[in-house]
Amino acid sequence: MWTDVEVRSLKPNRYIVIDDEPCKIVEITTSKPGKHGEAKARIVAIGVFDGQKRTVVYPVKHKVRSPIIDKRQAQVLAVMGDEVQLMDLENYETFELPIPEELRDQLEPGKEVEYWEAMGKRKIMRVLS
């Protein structure tokens with residue numbers, strides 16, 4: 001899910017969809033309108049789920065997609081090698097996600113985590129307890 005927003009309304013630390021991947025904007029620079037064209041914005045963003053850096057250039061009046069990111073909480077049920085089994089604390093759905101490298105030593109059964117869901121993808125972002 002996403003909403004359409006104009007490029008001129010975007011700011012750093014907001015989110016944009018580039019190549020069907022939700023990305024966090026780290027830098028925006030705009031150029032002045034030229035003799036035959038309108039002002040353009042150069043957007044540098046990093047993928048939320050894959051960590052890749054992406055750069056795009058759009059006219060400032062262009063509409064782009066901004067992902068709707070659902071920030072949820074879950075409890076760790078089991079740690080299974082490189083994956084962890086989680087239970088959502090609102091709807092009690094159970095699912096498995098890969099363990100991010102930086103959280104590997106913090107996850108254990110009973111702990112609570114914050115995970116983000118956007119455009120059909122999920123990722124553990126931080127450990128809460």
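Let's begin with Thr-29: setting aside neighbours within four places in sequence, Thr-29 is in contact with Lys-40, Ala-41 and Arg-42. Keep in mind that this is a predicted model.

**Thr-29 and its surroundings**

- Thr-29 lies in strand 3, and strand 3 covers residues 21-30.
- Take Arg-42, one of the contacts of Thr-29: the two are 13 residues apart along the chain, yet their C-alpha atoms are separated by 5.2 Å.

**Leu-10, a buried loop residue**

- You'll find Leu-10 in the loop between strand 1 (2-6) and strand 2.
- Leu-10 counts as buried, because its relative accessibility is 10% and the cut-off for buried is under 20%.
- Which residues does Leu-10 touch, not counting those up to four places away in sequence? They are Val-5, Tyr-15, Ile-16, Ile-25, Ile-28, Ile-43 and Val-64.
- Ala-41 sits 31 residues from Leu-10 along the chain, with 9.8 Å between their C-alpha atoms.

**Two exposed strand residues**

- Asp-4 is part of strand 1 and counts as exposed at 52% relative accessibility.
- Leaving out neighbours within four places in sequence, Asp-4 makes contact with Lys-63, Val-64 and Arg-65.
- Arg-126 is 122 residues away from Asp-4 in sequence and 28 Å away in space, C-alpha to C-alpha.
- Lys-53 belongs to strand 5 (residues 53-59), and Lys-53 is exposed with a relative accessible area of 63%.
- Not counting residues up to four places away in sequence, Lys-53 touches Val-44, Ala-45 and Ile-46.
- Between Lys-53 and Ile-28 there are 13 Å in space, C-alpha to C-alpha, and they are 25 residues apart in sequence.

**Rings meeting rings, and charges over rings**

- How many aromatic pairs does the structure hold? There are 2 aromatic pairs.
- Tyr-15 and Trp-116 form an edge-to-face aromatic pair, 6.0 Å from centre to centre and with 80 degrees between the planes.
- That pair links distant parts of the chain: Tyr-15 is in strand 2 (residues 15-18) and Trp-116 is in strand 10 (residues 112-118), 101 residues apart.
- Are these two partners buried or exposed? Tyr-15 is buried, with a relative accessible area of 16%, and Trp-116 is buried too, at 10%.
- Over the ring of Trp-2 sits the charged end of Arg-65, 4.1 Å from the ring centre.

**The largest pocket**

- The largest pocket has a volume of about 170 Å³.
- It is lined by 13 residues, and those closest to its centre are Gly-47, Val-48, Trp-116, Lys-123 and Met-125.
- Strand 3 (21-30), strand 4 (40-47) and strand 11 (121-127) are the elements that give two or more residues to this lining.
- Which element gives the largest share of the lining? Strand 11 does, with 3 residues.
- By type, the lining divides into 7 nonpolar, 2 polar and 4 charged residues.
- Trp-116 links two topics here: it is one of the residues closest to the pocket centre and a partner of Tyr-15 in the aromatic pair.

**Positive phi angles in loops**

- Most residues other than glycine have a negative phi.
- Asp-19, however, has a positive phi, near 55 degrees; Asp-19 is placed in the loop between strand 2 and strand 3.
- Tyr-92 has a positive phi too, near 60 degrees, and lies in the loop between strand 8 (83-88) and strand 9 (94-98).
- Asp-19 is exposed, with a relative accessible area of 65%, and Tyr-92 is exposed at 56%.

Conventions:
Residues are numbered from 1 along each chain as its sequence is written. This is a predicted model: local features need pLDDT of at least 70, side-chain atom pairs count only at pLDDT 80 or more; totals for chains, interfaces and linings use all residues. Side-chain values use heavy atoms; hydrogens and water are left out. Rings of Phe, Tyr and Trp (its six-membered ring) pair if their centres lie within 6.5 Å; planes under 30 degrees apart count as stacked, over 60 as edge-to-face and the rest as tilted. Helices (H or I, at least four residues) and strands (E, at least two) are DSSP runs, numbered from the N terminus. Buried means under 20% relative accessible area, exposed over 50%, partly exposed in between (1.4 Å probe, protein chains only). A charge sits over a ring if NZ of Lys or CZ of Arg is within 6 Å of the ring centre and within 35 degrees of the ring normal. Contact means heavy atoms within 4.5 Å. On a 1 Å grid over the protein atoms alone, a cavity is a set of points where a 1.4 Å probe fits but cannot get out, and a pocket is an open set with protein on both sides within 12 Å along at least five of seven lines; lining residues have an atom within 4 Å of a point. Grid points are joined across faces, edges and corners, and a volume is the space filled by probe spheres set on the points. Ala, Val, Leu, Ile, Met, Phe, Trp, Tyr, Cys and Pro count as nonpolar, Asp, Glu, Lys and Arg as charged, and the others, Gly among them, as polar.
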